[in-house]
Amino acid sequence: MSSASDPLAALAGLPGVAESVDSVRKAVDRVYGHRVMRRRSGEITSEAALRGARGSAALSGADWALEEVRRRTDFGGETEARTVGAALRLTAEAGQLLSIWRQSPLRVLARLHLVASGSTAEGDTVGRPRLAGEPVTEPLIDDMPLPSAEEVAGRLDGLSQLIIAGGSAPALITGAVVHGELLALRPFGSYNGLVARAAERIVLINSGLDPKAICPAEVGHAEQGADAYLAAFEGYVSGTPEGMAAWIAHCGRAIELGVRESTAVCEALQRGAA
């Protein structure tokens, strides 16, 4: 598919994007080459899932310590606990939806929202795009303009078609666009940030960049901080070449920080300290 008919691949030509793609690939290759990965990759995957969920929840207003997330068993009750529980469920569910993603991404998004909502789900608003007049609660970006339900439907359809068509765009670019578009649209009444970051995770795994799910971008998004996340996201929303490039670079840095986190886990396991 040529870049003219593949808008995601065309983004690779933006200033600095090719360098981000190359840097991410090298970082991922390094952690996959770690000697611990040859015999204990399952442990790295499990730890990356836990740390990724913690990072995603932090950006949605529940910034808990990792050990608190690890030891906690009850995620009902207060809002922060529900947010952390939703993030954990989404991380676990993402790996079960890989085979469906390329055929029916909208079905996957519906499932992700249903899983995030969990036992707190009420009425018929769960697992479907919002209708005109339905409210949206989304920590961190509540003050940003909300696209209409009609615009959401059209852009979701366009995103779905791009995913189904495939193309030659690097995983970093596709994941960044899926993440940014879902966050911009806020298609559901709640948990849109968590769903957007889970969808990015699915892209990175399903593309072959991170098949063992050991490079949690959510960790890096949280580590860079909410202010940097918002600033980069505003670049995506602007739609300008500079803004898009900044968002993709931010997502690339998030993956590299996730790689660093998993590399530290590998080193700890190698020393026998974990």
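**α3 against α13**

I started with a helix pair: α3 passes α13 in a right-handed crossing (right-handed if the near helix is turned clockwise from the far one by less than a right angle, left-handed if anticlockwise). I take helices as DSSP runs of H or I with at least four residues, strands as E runs of at least two, numbered from the N terminus. This is a predicted model, where local features need pLDDT of at least 70 and side-chain atom pairs count only at pLDDT 80 or more, while totals for chains, interfaces and linings use all residues. Residues are numbered from 1 along each chain as its sequence is written, and side-chain values use heavy atoms, with hydrogens and water left out.

I then looked up the geometry of α3 (residues 37-59) and α13 (residues 241-271): their axes come within 10 Å and cross at roughly 130°. That makes α3 oblique to α13. My cut-offs for angles: under 35 degrees is roughly parallel, over 145 roughly antiparallel, 65 to 115 roughly perpendicular, and the rest oblique. The axes are lines fitted to C-alpha atoms, for helices over the stretch in contact, and the angles run from 0 to 180 degrees between N-to-C directions.

Which residues of α3 and α13 meet? From α3 I noted M37, R40, E43, I44, E47, A48 and R51, and from α13 E261, S262, V265, C266 and L269. Contact here means heavy atoms within 4.5 Å. The residues of this contact of α3 with α13 divide into six nonpolar, one polar and five charged. For the classes, Ala, Val, Leu, Ile, Met, Phe, Trp, Tyr, Cys and Pro are nonpolar, Asp, Glu, Lys and Arg are charged, and the others, Gly among them, are polar.

**α3 against α5**

Next I turned to α5 (residues 79-94), which packs on α3 at an angle of about 135° with the axes 8 Å apart. α3 and α5 are therefore oblique to each other. α3 passes α5 in a right-handed crossing. In the contact I found A49, L50, A53 and A57 of α3 with T83, V84, A87, L88 and T91 of α5. By class, the contact of α3 with α5 has seven nonpolar, two polar and no charged residues.

**Cysteines**

How many disulfides does the structure hold? I got zero, taking a disulfide as a pair of cysteine sulfur atoms within 2.5 Å. C251 is in no disulfide, and its nearest cysteine sulfur, that of C215, is 15 Å away. C266 is in no disulfide either, with the sulfur of C215 nearest at 9.5 Å. C251 is buried at a relative accessible area of 0%, and C266 is buried with a relative accessible area of 0%. The scale I use is buried under 20% relative accessible area, exposed over 50%, partly exposed in between, with a 1.4 Å probe and protein chains only.

**Single residues**

I checked S160 in helix α8 (residues 149-165). S160 counts as buried because its relative accessibility is 7%. Leaving aside neighbours within four places in sequence, S160 is in contact with P105 and L106.

I also noted positive phi values. L140 has a phi of about 85° although it is not a glycine, and L140 is in the loop between α7 (105-117) and α8. Buried or partly exposed, I asked of L140? L140 is partly exposed, with a relative accessible area of 31%.

A213, a residue other than glycine, has a positive phi near 55°. I placed A213 in the loop between α10 (192-206) and α11 (217-224). A213 is buried, at a relative accessible area of 11%.
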